[in-house]
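I opened this model to look up a few items and noted them as I went. The entries follow.

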Amino acid sequence: MRRLRRIPLPLLAVLGVVLVEGLAWAFAVPALQGADESAHFSYVQKLADAHVMPWRNPDLGYLEPAYPPSVSTEQRVAWTWAGLEPLRGNRAARPLWTHEDERIWARENAKLTPDHRTDGAGSRVVDNPPLYYLTAVVPYEIAGGTFFDRLYALRVYNVALLLVAVALTWLLAGELFGRRRELQTLAAAAVALHPVLLDVATRVTPDVLLLTLASAALYLMTLVVKRGPSWRRVAGLLAVVAAACLTQGRGLGLVAPALFAVGLGWWRARGAPRPGVLGRVPAVVPWAVGALVVLVAFAAYATRFDFGELAGFWSYLWQFYLPPLPGMTDPIGVSWDVENVYLNRFFGTFVQFEVDFPPDLLRAIRVAVFAGLALLAVSAWRHRRALWARRDVVAVLLVAFVLSVLALHAAAFRSLLVNPADPVITGRYLLMLIPLYGIGVAAAVAAFPGRVRALASGGLLGALVLLQLSAFGLVVERFYA
Amino acid sequence: MRRAAIAGATVVLVLGFLLVVRPFVAEQRPTPASIPSPASVTGLDTVPLQKGHPVCFTDVVAEAHAERFSFRVSTPFGPTPELRVTIRGGGYDYTATIPPGLQDGQAAEAAIPAPLRDIPVEVCIRSRGEPLIGLYAANDRARSRSTAVIDGEDTNKSVWFSFEEPRWHAITERVGLTIDRMTVFRPGYVTRGLLWVLAALFVFGVPVAIVWAYVRALREDGPRAAPPLDVNRRRSRWRRFVD
């Protein structure tokens with residue numbers, strides 16, 4: 001109880017908001033309606049019920065998650081007899097919502113034996129690293145009971161992970177803004193009210209553990225550069241980054257930023273260079289070598305070691321964000337750019353992508369994003385002295401953002417070389433950097449002085465609440481109206 | 001500062017509720033009572049319906065609000081003959097007649113008396129004449145558990161079939177019913193009571209808690225050291241507001 005009292009009240013209030021929203025999203029959306037939720041559940045089921053680590057099926061190769069043998073018979077019975085598969089991504093469908101429907105499913109489910117929980121063949125999701133699924137076995141086993149008891153237990157587990165991510169955003173904001181409760185609250189609230197985050201995080205998916213670990217990594221990176229690279233901090237950071245890599249392949253994008261943070265922390269803590277050969281090497285050299293190594297690593301990964309594709313990667317990257325330069329050819333893959341990823345998919349697409357914000361609202365969000373970026377620039381100028389005093393933390397967070405996004409693009413380009421039809425990169429993938437979004441919102445509002453800032457912050461929080469309610473309302477309408 | 005924050009949030013929330021939320025939840029929408037077999041996701045398919053060979057499907061639940069049903073016909077050889085739809089099960093037995101003359105792709109609809117409660121029924125659709133027609137059906141992942149059977153043979157396709165309420169409703173008119181429906185296929189602890197509490201907290205508690213958190217944070221930060229004011233210098237209204 002004493003520990004609870006030590007938690008700042010504004011943070012407790014924001015966490016309360018996350019809990020309410022998280023449970024509401026988790027229970028309102030019918031089972032298995034999240035992206036690849038069936039496949040993620042079947043991975044946990046294979047671990048928990050069959051006590052088997054699922055690997056790619058040697059006979060069947062990659063199975064699509066929607067292909068029936070990829071999941072257990074128990075899940076297939078739920079697909080059909082609880083009406084979950086006809087509902088998935090199908091706006092013409094509504095859930096089977098009477099207790100008679102439940103009885104019909106229970107009649108069929110009662111015919112199953114324990115073996116029917118373990119016979120799923122697995123899908124391409126089994127290529128994911130296992131950490132999330134291993135941790136999810138705990139709530140799965142605790143819940144026991146029916147298929148639905150276990151599935152919703154996993155969703156509630158994800159809500160708990162989301163609470164941790166929001167608390168870490170608060171801590172990270174504290175390191176950057178110097179424990180200013182106002183800005184910490186704004187950063188945490190912006191994350192807590194992000195509509196797509198709530199939609200994604202309340203399904204069975206490893207993405208929520210990834211974003212929680214990424215939040216922890218960002219926080220530890222700031223500690224390493226701000227308070228010095230003690231072995232505990234460095235070990236903690238490396239452990240968290242390793243855990244992120246073992247949760248989802250996208251966690252690899254945190255490796256280079258973490259090494260940068262450790263390097264910067266060590267360099268800052270080292271003080272004046274010692275006499276000798278190393279002391280005479282200009283400081284810029286090791287950084288330049290490090291940057292070169294990282295860029296070559298990204299290029300090699302993105303091009304599948306075919307450096308002839310480098311021009312294509314550069315063209316793809318440039319045209320993702322900016323109009324083509326003279327002489328540039330069309331980039332590889334389908335037309336998919338910054339607006340799709342950073343706006344439409346990051347703010348306004350829900351469930352199986354069949355629910356989205358109306359175009360008017362997306363246009364308003366777009367204006368707000370540009371206004372926010374302009375305010376961010378004004379704020380940076382206004383607070384340039386404070387920023388300079390915390391330049392290490394700012395540098396680490398910027399590098400983390402740039403390298404993580406670059407890693408996503410490298411992975412996307414690598415995949416596009418094989419399958420140009422799938423753009424791979426989507427707004428959901430940016431959620432691992434969600435604390436930076438919260439910090440960006442708080443920093444933008446800090447452009448305003450005194451009471452104007454309070455007025456603007458109040459208005460912004462009101463707008464974010466409306467955005468959250470709108471997203472939830474649209475999803476409820478899709479399933480129940 | 002705190003008053004300014006509350007004022008900013010209140011203005012946006014009130015305007016938002018009046019201009020966005022209220023019209024959205026008050027809009028009248030067509031209301032399905034239950035959709036046992038939805039339309040396909042990819043592609044079109046049909047099951048044949050000809051005189052003497054009824055199309056039947058079971059494990060359909062007629063919801064207590066169902067006062068109409070609807071399915072879609074494919075008529076490549078001319079308008080439909082008269083159709084009869086029998087809905088039977090759990091003490092409910094009703095046959096509706098659909099007059100001839102439906103064109104290709106049109107919905108066949110008829111009124112039915114609402115069941116006293118939700119009941120599992122069997123639906124049989126009969127053709128009373130020529131020509132051969134088709135009933136739109138799902139053969140993809142939208143295929144439901146209620147697959148169509150003709151002369152004892154399972155077609156492995158589910159006829160697009162829905163029960164509807166007779167008039168349109170607003171979301172606000174259906175909050176209680178929606179919450180009831182959200183308890184189905186959920187763990188036992190997801191009760192109506194829990195969902196009502198969550199709904200109330202979401203709609204009313206979240207805005208209050210977020211604004212309270214921010215106001216409380218302003219209070220915890222305390223008054224920031226401001227430069228001493230020069231009382232001899234005239235300050236504009238804007239400056240006085242900002243400071």
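Predicted model: local features only at pLDDT ≥ 70, side-chain atom pairs only at ≥ 80, totals over all residues.

Entry, helix 11 of chain A. I looked up residues 207–227 and found a helix of 21 residues. From first C-alpha to last, helix 11 of chain A reaches 30 Å, close to the 30 Å expected at 1.5 Å a residue. I then checked burial, taking a residue as buried if 20 or more other C-beta atoms lie within 10 Å of its own. In helix 11 of chain A, 19 of the 21 residues are buried, so the helix is largely enclosed by the rest of the structure. Just after this helix I noted Gly228(A), which takes a positive phi of about 105°.

Entry, the contact between chains. I found 66 residues from chain A and 62 residues from chain B in the contact. Several elements of chain B each supply at least two residues to the side that touches chain A, among them helix 1 (2–26), strand 3 (55–62) and helix 4 (237–242). Helix 3 of chain B gives the most to that side, with 18 residues. I sorted the residues of the chain B side into 43 nonpolar, six polar and 13 charged.

Entry, a sheet in chain B. I traced an open sheet of six strands in the order 6-5-8-3-10-11, with antiparallel pairing. Strand 6 (92–98) and strand 11 (153–154) of chain B are the edge strands, each pairing on one side only. Inside the sheet I followed strand 5 (residues 83–89) of chain B, which pairs with strand 8 of chain B in the antiparallel sense over six bridges. Ile87(B) stands opposite Val123(B) in strand 8 of chain B.

Key. Residues numbered from 1 in each chain as written. Chains lettered and ligands numbered in written order. Contact = placed C-beta atoms within 7 Å. Helix = DSSP H or I, 4+ residues; strand = E, 2+ residues; numbered from the N terminus. Nonpolar A, V, L, I, M, F, W, Y, C, P; charged D, E, K, R; others polar. Pairing = 2+ DSSP bridges. Expected span 1.5 Å × (residues − 1). Buried ≥ 20, exposed ≤ 12 C-beta atoms within 10 Å, placed from the backbone.
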